[in-house]
Amino acid sequence: MYDYHLVIKNGKVVTPNGVKDYEIGIKDGLISALEQEVKGSTEQIWNAQGQYIFPGAIDVHVHFNEPGREVWEGFSTGSAMLAAGGVTTFFDMPLNGIPSTVTKEAFEEKKSIASSKSLVDFGLWGGLVPGNEEELSALSESGVVGFKAFMSPSGNEEFERADDDTLLKGMRRIAQLGKVLALHAESTPIVELLQKEKESQGLSDADAYASSRPIEAEVEAVQRAISFARITGCPLHFVHISSAAAAVEIQKAKQEGLDITLETCPHYLLFTHQDLAQKGALAKCAPPLRKKHERERLVEALVKGQIDMVSSDHSPCTPDLKDQDNMFTAWGGINGGQFTLLSMIELALIYDLPFHEVAQWTASAPARRFGLDKIKGELKVGLQADLAVVHTSDAFTAVKDNMYDKHKFSVYEGRTFPCSVAAVFSSGEIVYEKNKGLISTRPGGKWLKPVENDLSSAACIKKRG
């Protein structure tokens, strides 16, 4: 009988208090020792010489489209892609499956599918749409992470946007249930008016699309949602915030004591409107990629600690939905779930940020916000042994041969990161190794039912300086 199933030696362990020269002892899927020297017998030793060990990333925003649209991306390929990028937990959004996850029955169907296919652990969002207010309690009891609503059209007929009446009533009920509402915040009146104007002029290129979804549309929706939160007491999580101006409005609300968090995505931090103009629909998302100076302001907000977490918003589709010149009709989503951790490490290296902040954005803040911090999110004795081993002096260029998603086309293709994921462990079992690819294709992911969130959003942020 061994004392440990696995001991990882010679690595640099990224903890909340900085990088430590620790060894990690793993037993029964948990971190059971974290010391300068782990003593005792072990079944296996992993040599992480010259490598950094991060907590496995928690991506709270992906679209895997099952049931009904597995041809876009399913739980098998999607979870494998995430694992190859250092993600050991994900939350799947409710809108692109058929049916959408807006009833208990739909939730149970999706949970069953994901449990039989996912390589890593997962949670599931429920949806708030017009007409399903009576379904919220059953969805909450079933174990949704929280609820997702769109303040502008979702692009999916099965998942209608929430008008103000739906939003107010839904937020009041969600507050009573002790859940969080995730919001796609763009103003429908602004977006629809500007799009109609551009189309009436015969314009549908990258410039027309971007100008139809200005920062003002994001800010107005954020401000309106915050007003509704004041009235209802509903905790909010703003997804894929693309502008520093919107982040500022959210910070003001936090200072009032409102329970609000926000995420941004790597594509808003790395790419700009110029990429949309050059690469076309491959780089289309909503909100759109912003101009260079706005991207720089968003990075500055991240550096200052004004953004809680970073998620991929992996939103794939079949190639035909991107292979068109009309930016208004092309599918709006970035295929990029494999590259979140690499992107944030790249930014940390560029801006001389400590790696424990990367771990916070990608793991500990999501775990705390969504009730997983007692089992995940940090490298700590007693927590699940979810680890991402990263080599910071071994560059990685994204090409089709090393992309694990179903449809291997992405705005990230051709990008060289200054680091690479060397290995990934989920509950102490290796699932990915760079030199070998996926080690395990056996679905071993567990469905996670988060506990009620009792953490104020202010605690999710550590100010710099």
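Tutor: Contact here means heavy atoms within 4.5 Å of each other. The model is predicted: local features need pLDDT of at least 70, side-chain atom pairs count only at pLDDT 80 or more, and totals for chains, interfaces and linings use all residues. Residues are numbered from 1 along each chain as its sequence is written, and side-chain values use heavy atoms, with hydrogens and water left out.

Student: With which residues is F54 in contact, leaving aside its neighbours within four places in sequence?

Tutor: Its partners are V14, I345, F355, V358, A359, L379, D386, L387, A388 and V390.

Student: What makes a set of residues a nonpolar core?

Tutor: The members are buried Ala, Val, Leu, Ile, Met, Phe, Trp, Tyr and Cys residues joined through side-chain atoms within 4.5 Å. Buried means under 20% relative accessible area (1.4 Å probe, protein chains only), with exposed over 50% and partly exposed in between. The largest such core has 105 residues, of which F54, L167, L181, L183, L236, F238 and V358 touch the most other members. Helix α7 (residues 215-232) gives the most to this core, with eight residues. Another core, of 20 residues, lies apart from it and includes V145, V239, A365 and L372.

Student: What makes a residue part of the lining?

Tutor: A lining residue has an atom within 4 Å of a point. The largest cavity has 13 of them, with P16, H356, A359, Q360 and S364 nearest its centre. Helix α13 gives the most to this lining, with five residues.

Student: How do you know that strands β12 and β13 pair?

Tutor: Strands are DSSP runs of E of at least two residues, helices are runs of H or I of at least four, and both are numbered from the N terminus. Two strands pair if DSSP finds at least two bridges between them. Four bridges join β12 (residues 147-150) to β13 (residues 181-184), so by that rule they pair.

Key: 1 Å grid on protein atoms, 1.4 Å probe; cavity = no way out; pocket = protein on both sides within 12 Å on 5 of 7 lines; lining within 4 Å.
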